[in-house]
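Have the structure open while you go through them.

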Amino acid sequence: MIRSMTAFASGERATQWGTLGCELRSVNHRFLEIGVRLHDDLRALEPVLRERVTARISRGKLDLTLRLRAPEGEGGLHVNLVRLRELSDLAIDLDPRFPGLHTEFTQLLQFPGVLQAPSTDPDALKAEALALLDEVLDEFVAAREREGAKLAAAINERVDGVARIAADVRGLMPAIREGQRIKLQARLADLAQPADPGRLEQELVIWLQKLDVDEELDRLDSHVAEARRVLTLREAVGRRLDFLLQEFNREANTLGSKSVDARSSGAAVELKVLIDQVREQVQNIE
């Protein structure tokens, strides 16, 4: 199944510590590059999260975000009233000895243990976060595959176009060769000195051999068959298709350089246009 490298997926999961939110988005990239943004309570999960993503994604620049939002009506921090009362009692006891000492409320809050974050169960929170990531990954991969199906259809259409052009050129070649033979014979007939028939035939054969593109057309047919096969594989094929397009382009260039007829020259140009269109699509494939 062909996959696009561009996709987005998100999800949420309610927990006793708040609502977990996860987002995955990706764009094209030559290799796999993962950027991770995590809530403080989830930072220890980063290596595991990267492993989960790497196990299912092979290419693209990915941004993974995991948030933890406190439950509605509950703050992220709580005042430890017991500790605050202890500090108050201590201040009353010491006031006779330090009558000029004053403490701001904000300074009091900074004392260790006065402000406390809600306690969490790290193992349970980890399990919830990984379960949410798996759900979002499923949606993310499905989105990549849906976009990949559209890319595969567009590529197949253009590969079919390459096959048609190659077949058309193959059908034109006998007429092109005969036309070149007639032109060469007409030019030789205009020479003041008659040419040796044996030498004439030899030169004609050499000339026509230089125009022969059967090998290029055979290789194009082979590349078309390989492209169609690769598009059916259930693995990442972007790099393989990119390499194959270099071979397509090489045959199209050779076909153009050997062309002595407007029809085959036009066909070579059309081939290059189709190949460039395929290359644009392949840049989006995982």
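**Notes on the model**

1. A search of the whole structure turns up 2 cavities of 30 Å³ or more. On a 1 Å grid over the protein atoms alone, a cavity is a set of points where a 1.4 Å probe fits but cannot get out. Grid points are joined across faces, edges and corners, and a volume is the space filled by probe spheres set on the points. The largest cavity comes out at about 80 Å³.

2. A word on the ground rules: this is a predicted model, with local features needing pLDDT of at least 70 and side-chain atom pairs counting only at pLDDT 80 or more, while totals for chains, interfaces and linings use all residues. Numbering starts from 1 along each chain as its sequence is written, and side-chain values use heavy atoms, with hydrogens and water left out.

3. What lines the largest cavity? The lining is Ile155, Val159, Val162, Ala227, Leu241, Leu244, Leu245, Phe248, Ile275, Val278 and Val282, where a lining residue has an atom within 4 Å of a point. By class that is 11 nonpolar, no polar and no charged; Ala, Val, Leu, Ile, Met, Phe, Trp, Tyr, Cys and Pro count as nonpolar, Asp, Glu, Lys and Arg as charged, and the others, Gly among them, as polar.

4. Helices α4 (122–189), α7 (238–258) and α8 (262–282) each put at least two residues into that lining, and α7 gives the most, with 4 residues. Helices here are DSSP runs of H or I with at least four residues, strands are runs of E with at least two, and both are numbered from the N terminus.

5. Glutamine 281 sits in α8. With a relative accessible area of 19%, glutamine 281 is buried, the cut-offs being under 20% for buried, over 50% for exposed and partly exposed in between (1.4 Å probe, protein chains only). Setting aside neighbours within four places in sequence, glutamine 281 is in contact (heavy atoms within 4.5 Å) with Leu151, Ala154 and Ile155. Ile155 is also one of the residues lining the largest cavity.

6. Is leucine 217 buried or exposed? Leucine 217 counts as buried because its relative accessibility is 0%. Leucine 217 belongs to helix α6 (residues 214–230) and touches Ala166, Val169 and Arg170, leaving out residues up to four places away in sequence. Leucine 217 and alanine 167 are 50 residues apart in sequence, yet their C-alpha atoms are 8.0 Å apart.

7. Now the sheet: 4 strands, open, in the order β1-β2-β4-β3 with mixed pairing. Two strands pair if DSSP finds at least two bridges between them. β1 and β3 (32–38) are at the edges with a single partner strand each, so one side of each has no neighbour in the sheet. Neighbouring strands are turned by 10° against each other on average, direction ignored.

8. In β2, glycine 21 is the bridge partner of glutamate 12, and serine 26 is that of alanine 7.

9. Helix α1 (residues 46–54) lies across β3 and β4 (60–69), at about 140° to β3. Axes are lines fitted to C-alpha atoms, for helices over the stretch in contact, and angles run from 0 to 180 degrees between N-to-C directions.

10. For the overall picture, the chain has 8 helices and 6 strands, and 33% of its 286 residues count as buried. Among contacts with a separation of 6 or more, 82% come from residues 24 or more positions apart.

Notes
1 Å grid on protein atoms, 1.4 Å probe; cavity = no way out; pocket = protein on both sides within 12 Å on 5 of 7 lines; lining within 4 Å.
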